[in-house]
Amino acid sequence: MSSVLDKKKFNTAMPVIAASYIGPALTPNRDTIWEEGKLPLNTDGLVNEVMGQPMRRAGRFIKMVACGGLACLQKVSLDYLKGKKTGIFLATGLGNVDEIMPFITEVFKHGGGFPSPNQFANSVSNAAAFVLAKICEVTGTVLTISQEELSFESALWLAQSYLESGEIELALVGGCDIFTPTVEEYRERVNLTPENSRLMPMGEGSSWLLLGNGDGQKIGDILAVDFGNQIIPSEELSASENILRRSEQIMSALSIQENAGREQNRILLPGFRVNKIETGLWKREGWQVEDYLPCCGIHSTAAAFGIARALREKPSALFAHYNCHASGKQVLVLASTE
């Protein structure tokens, strides 16, 4: 993984060609009121809006992945995509739990069960990414990445490696996790406690970025995906001083001049485990704090929602998304918009 001392690693930005975000209200690229107690909502309306026709024999997770990825690709022309070798990198913390649990229950019930072919097909770990690739006619790399709440950042880092090596020309990178009742069980699956996360409603989302190779068409850049090389004690993970120092170190490594950085709006996007946000400190240092979680709720790949939303809605901005794992691992994504 990259280090803030490795300045060469940070010299290659990843141009963002398009971005799209879908939250619990299932309305693409719009902030809409939703209620935790009414989740999960039916996806039929979302499928019709994005795809124009129903999806047969597909579970809810696959529908969310397909709609999220396609909504992102719809932001560019078919001519731009035609002939380019594209990879798909799907990040998910919990995967297709809604389909996996009934499948396992059927197989291991007393006397042995016989799951349907649809149950089996929907439970395969890479099924959603495969369906998205088929819909979008993608023939390049198709991968599913799962690293709990660091899944989306891991997918970004992996996509960068493929783009830099020349194996692909475009990378469709997304994060999708769906609400799986009940609220209490969902919180337990994500390992949420008052000590390691903020007390906010649970949510879901399918949010995506289309990354390119710098041929002129872009809405912004992913400047750095930096995984910290230290395990930080839990009581220090959310300390604003640590996050601010990390952000400033990476900006320095990127040769972003202090005056140039201040000409842009500088925005912190805190992940759901950051439960000690000292807004006053950030303001004194010239940063705004944008809490996107009220728009999407807590889910393992909420970072994808926050980053995609900022790339679409925050022009002329430099922003840092900080996320951390309950184990002490942390990651910071630095990006800018046109």
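Modeller: Start with helix α7, residues 151–165, which lies across β1 (14–20), β2, β3, β4, β5 (205–211), β6 (220–227), β9 and β10 (330–337). Helix α7 runs at about 170° to β4. Helix α13 (residues 302–313) packs on the sheet too, touching β1, β4, β5, β6, β7 (265–270), β9 and β10. The direction of α13 makes about 55° with that of β5.

A few terms first. This is a predicted model: local features need pLDDT of at least 70, side-chain atom pairs count only at pLDDT 80 or more, and totals for chains, interfaces and linings use all residues. Residues are numbered from 1 along each chain as its sequence is written, and side-chain values use heavy atoms, with hydrogens and water left out. Helices (H or I, at least four residues) and strands (E, at least two) are DSSP runs, numbered from the N terminus. Contact means heavy atoms within 4.5 Å. Axes are lines fitted to C-alpha atoms, for helices over the stretch in contact, and angles run from 0 to 180 degrees between N-to-C directions.

Now the sheet. It is open and mixed, with 10 strands in the order β3-β2-β4-β5-β1-β6-β10-β9-β7-β8. Strands pair if DSSP finds at least two bridges between them. β3 (142–145) and β8 (287–289) stand at the edges, each with a single partner strand, so one side of each lacks a neighbour in the sheet. The twist averages 25° from one strand to the next. β2 (residues 86–91) and β4 (residues 170–177) pair in the parallel sense over 6 bridges. There, I88 stands opposite L172 in β4.
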